[in-house]
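Subject: Handing over the structure

Dear colleague,

I am passing this structure on to you, with the sequence and coordinates shown just below. Please keep them open while you read the notes that follow.

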Amino acid sequence: MEQQLFEAVDQYICNLVAQEDEALQATVESITNNNIPQISISAGQGKFLQVMARLCNAKKILELGTLAGYSTIWMARALPKDGKLISLEYEALHAKVATENISHAGLGDVVEIRLGSAIDLLPVLKQEGHVFDMIFIDADKPPYAEYFQWALQLSHPGTLIIADNVIREGKVLESDHEDERVRGVDRFNRLLAETKSVTASIIQTVGAKEHDGMAIAVVNQHI
Ligand code: SAM
């Protein structure tokens, strides 16, 4: 009953403020057509990320975990013409489908997808001297704490760091959960809490997707 209500309200929100255009609908269809798991964020969450990108005047965005480019498109649409979004993806099929979807959305010049494991690609970004205004962590869950540490290294005061799936239907309440994804996000949440250089919170999320949570942190101007 509650899930039905959450889904109906999600639909209400999407109809009002997070309508998908043809490019976003085609991206959703491409996920099914290519037998890719339907694990992208919801439309409401996509619009939320777009609002966050505008709020921090993002010119450069980093994403960990592209899938088919759904969240990528929502965020890239917040960028100015000379903006840039780099998205890291491990699976070649996901990167290929995402490249097509992003090009179809007219964002081919703004978005760069890098193929490989995020933990290998992040040091390369650092070596290349990249600094990002917004970082969205949405790849594999066990190394979330390490991703957060890299995110800090690729940030400046004011950078917004957002991480998805950090509550996992409340399983984080069970200490030492058998699922390494749960343990991974719990380790991330605890690191977030003790990191003095950011101001952070975690928002519980319900809706079409299962009960979960998004962590939001801003890198402090002064520590
Ligand atoms: N952000 C996407 C969206 O909302 O449209 C969803 C991303 S999905 C939850 C996670 C993605 O991370 C998958 O495409 C998966 O292949 C990718 N991934 C998993 N492990 C990875 C790794 N070690 N490095 C980079 N990407 C990884």
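**The sheet and its strands**

Ser87 stands opposite Ile113, a residue of strand 3. This is a predicted model, in which local features need pLDDT of at least 70 and side-chain atom pairs count only at pLDDT 80 or more, while totals for chains, interfaces and linings use all residues. Residues are numbered from 1 along each chain as its sequence is written, and side-chain values use heavy atoms, with hydrogens and water left out.

Helices (H or I, at least four residues) and strands (E, at least two) are DSSP runs, numbered from the N terminus, and two strands pair if DSSP finds at least two bridges between them. Strand 2 (residues 84-89) pairs with strand 3 in the parallel sense over five bridges, and strand 1 and strand 2 also pair in the parallel sense over five bridges, with Lys84 in strand 2 as the bridge partner of Lys60.

These strands belong to an open sheet of seven strands with the order 3-2-1-4-5-7-6 and mixed pairing. Strand 3 (111-115) and strand 6 (198-205) stand at the edges, and because each has a single partner strand, one side of each is left without a neighbour in the sheet. On average, neighbouring strands of this sheet are turned by 15° against each other, direction ignored; axes here are lines fitted to C-alpha atoms, for helices over the stretch in contact (heavy atoms within 4.5 Å), and angles run from 0 to 180 degrees between N-to-C directions.

**The helices that lie across it**

Helix 5 (residues 92-104) lies across strand 2 and strand 3, and runs at about 170° to strand 3. Helix 6 (residues 118-127) lies across strand 1 (60-64), strand 2 and strand 3, running at about 145° to strand 2.

Which residues of helix 6 are buried? They are Ala118, Leu121, Leu122 and Leu125, where buried means under 20% relative accessible area, exposed over 50%, and partly exposed in between (1.4 Å probe, protein chains only). These residues cover an arc of only 110° around the axis, which puts them on the same side of helix 6; the arc is that of the directions from the helix axis to the C-beta atoms. Strand 1, strand 2, strand 3 and helix 7 (144-153) are among what covers them, whereas the face of helix 6 turned away from its buried side carries the exposed residues Asp120 and Gln127. Strand 1 is itself mostly covered, since four of its five residues are buried. Just after helix 6, Gly129 takes a positive phi of about 85°.

**Two loop residues**

Most residues other than glycine have a negative phi. Asn57, although not a glycine, has a positive phi of about 50°; Asn57 is placed in the loop between helix 3 (43-55) and strand 1, and it counts as exposed because its relative accessibility is 63%. Asp176, also a residue other than glycine, has a positive phi near 60°. Asp176 is found in the loop between strand 5 (160-164) and helix 8 (180-194), and at 72% relative accessibility it counts as exposed.

With kind regards
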